[in-house]
Every structure is written in C-alpha cells, then in structure tokens.
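Hi,

Here is the structure I said I'd pass on to you. Have a look at it first, then read my notes below.

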Amino acid sequence: MTTDFVAPVHVRWSDIDMYQHINHATMVTLLEEARIPFLRPAFESVIEEIGLLIHEVKILYKGQLRLRDSPLQVTMFAKRVRAVDFTIGYEVRKHNQTLEDKPSVIAETQLAAVHIKEQRLQRLTPEQREYLLRYQR
C-alpha cells in the first residue's frame with residue numbers, strides 16, 4: 001500500500017492575478033512550498049552539502065484555483081526514484097476537497113541531487129531512497 005504526503009499551502013493575496021485565479025508562475029512557487037516539508041526528512045541533514053536541482057517541471061491544469069480555495073491541499077508522491085534523480089508527482093485540490101475529488105492541478109517535478117562544492121551529480125543515499133520509495137505510487 002502506498003502512502004501519500006499531503007501539505008497545506010496557503011494562497012496569498014499577491015498570488016492572484018487579474019483574472020482572480022492563481023497563475024502558472026505562482027503555481028510553480030506553491031509546488032515548491034509544498035515540496036519543502038515533503039523532502040525535509042530525507043535531505044535536511046545534508047542541505048549544506050547536497051542541493052536538489054530542478055531538471056523538469058510539468059503542470060496540467062484541470063480547473064481554476066482562487067484565493068477562497070486556500071489552503072490548497074497538495075498531495076505528493078514519488079513517481080520515479082533513480083540513482084541520482086527522482087520525480088515527484090503532485091495533485092492540488094481546494095481546501096474543502098478530499099483525495100477522492102479530482103484535482104485542479106496535476107504536476108510533476110524531476111529533481112537531481114548535486115554535490116554543491118564539487119558541482120557534480122550525487123547518488124542518493126540508501127536512506128534517501130528508502131524515504132522516497134515509501135511514498136512511491
């Protein structure tokens with residue numbers, strides 16, 4: 001049985017565009033805000049040495065999200081875990097929706113681990129892999 005990680009993310013007044021919904025650039029930032037508590041347990045202890053670089057971001061919009069939909073419920077899971085990179089899947093729902101409701105946004109982010117000082121790709125540790133695989137879907 002897989003487990004998902006759900007993080008509430010608050011929408012700020014400044015996140016709303018002239019059409020009264022969250023625009024694309026803001027959605028990328030909100031996904032990042034959700035990702036921080038998800039990845040903290042696996043990567044916080046090495047944050048001075050190992051960075052996570054974004055390789056690719058994909059976002060599919062299924063419905064509008066507005067200020068009144070806050071806090072957004074961002075469900076995250078590992079889609080793929082490889083030696084030096086992994087992909088996180090996201091489902092973004094309004095605050096009053098459950099996991100059975102269709103998400104308004106479906107996204108994924110591929111991240112690569114990089115040794116900061118040596119500027120090279122870094123293999124994930126067994127503990128990091130184990131953590132991510134716990135959330136694999």
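Let's start with H115, which sits in strand β5, residues 105-115 (strands are DSSP runs of E, at least two residues, and helices are runs of H or I, at least four, numbered from the N terminus). This is a predicted model, so local features need pLDDT of at least 70 and side-chain atom pairs pLDDT 80 or more, while totals for chains, interfaces and linings use all residues. Residues are numbered from 1 along each chain as its sequence is written, and side-chain values use heavy atoms, with hydrogens and water left out.

Beyond its neighbours within four places in sequence, H115 is in contact with E49, I50, R120 and Q122 (contact means heavy atoms within 4.5 Å).

Next, the core. Which residues touch the most other members of the largest nonpolar core? They are M76 and F86, out of 34 residues (such a core is a set of buried Ala, Val, Leu, Ile, Met, Phe, Trp, Tyr and Cys residues joined through side-chain atoms within 4.5 Å). Helix α1 gives this core its largest share, 8 residues.

Of its 137 residues, 45% are buried.

Cheers

Terms used
Buried < 20%, exposed > 50% of the residue type's maximum accessible area, 1.4 Å probe, protein only.
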